[in-house]
Amino acid sequence: QVQLVESGGGLVQPGGSLRLSCSPSGTGFSIYPTGWYRQAPGNQRELVARITSGGDANYADFVKGRFTISRDNSRNTMYLQMNSLEPEDTAVYHCHLERGPGYWGKGTLVTVSS
């Protein structure tokens, strides 16, 4: 059974930083694209960033220059470094594995507030 587990969320002040991590169990992920999505209350889930197995990344316009997606295939872990956080970044952040039907983690809550 494939499961994805996110960690690293929390409460941070505007302008602060957080690093999210995602690790799968039941599968490796080195050959599959993976990504981070977020969902704020009342909003649809939206793509934040995506990275291929070769390390090519693309970002939503609203995070370009602030967030960095990366992966360590040897540790079977994906990261999202989030800098210059804004209150509008408050959401539950989910990792996604593009294997077969696709797999989602349950998410980690990021709250940006003073």
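This is a predicted model: local features need pLDDT of at least 70, side-chain atom pairs count only at pLDDT 80 or more; totals for chains, interfaces and linings use all residues.

Strands of a sheet pair through backbone hydrogen bonds.

Select S1 and S3 next. They pair in the antiparallel sense over 5 bridges, and glutamate 6 stands opposite cysteine 22 in S3. Show the side chains of S1: Leu4 and Glu6 are on its covered face, whereas Gln3, Val5 and Ser7 are on the uncovered one.

Aspartate 72 is opposite threonine 77 in S8.

Go back to cysteine 22. Which cysteine does a disulfide join to cysteine 22? The partner is cysteine 95, with an S to S distance of 2.1 Å. The torsion about the S-S bond is about 55°, so the disulfide is right-handed. Cysteine 22 belongs to strand S3 (residues 18–25) and cysteine 95 to strand S9 (residues 91–97); the pair links distant parts of the chain, 73 residues apart. Are these two cysteines buried or exposed? Both cysteine 22 and cysteine 95 are buried. The model has 1 disulfide by the distance rule.

Now turn to the nonpolar interior. In soluble globular proteins, nonpolar side chains tend to be buried together. The largest nonpolar core here has 26 residues. To find the residues with the most contacts inside this core, select Trp36, Val48, Phe67, Met78, Leu80, Met82 and Tyr93. At least two core residues come from each of S3, strand S5 (46–51), S7, S8, S9 and strand S11 (108–112). Which strand gives the most to this core? S9 does, with 4 residues.

For the last stop, select methionine 82 and display its surroundings. Leaving aside neighbours within four places in sequence, methionine 82 is in contact with Gly16, Ser17, Leu18, Leu20, Arg66, Phe67, Tyr93 and Val110. Two of these residues, Phe67 and Tyr93, are also listed with methionine 82 among the core residues with the most contacts.

Technical notes
Residues are numbered from 1 along each chain as its sequence is written. Side-chain values use heavy atoms; hydrogens and water are left out. Two strands pair if DSSP finds at least two bridges between them. A disulfide is a pair of cysteine sulfur atoms within 2.5 Å. Buried means under 20% relative accessible area, exposed over 50%, partly exposed in between (1.4 Å probe, protein chains only). A nonpolar core is a set of buried Ala, Val, Leu, Ile, Met, Phe, Trp, Tyr and Cys residues joined through side-chain atoms within 4.5 Å. Contact means heavy atoms within 4.5 Å.
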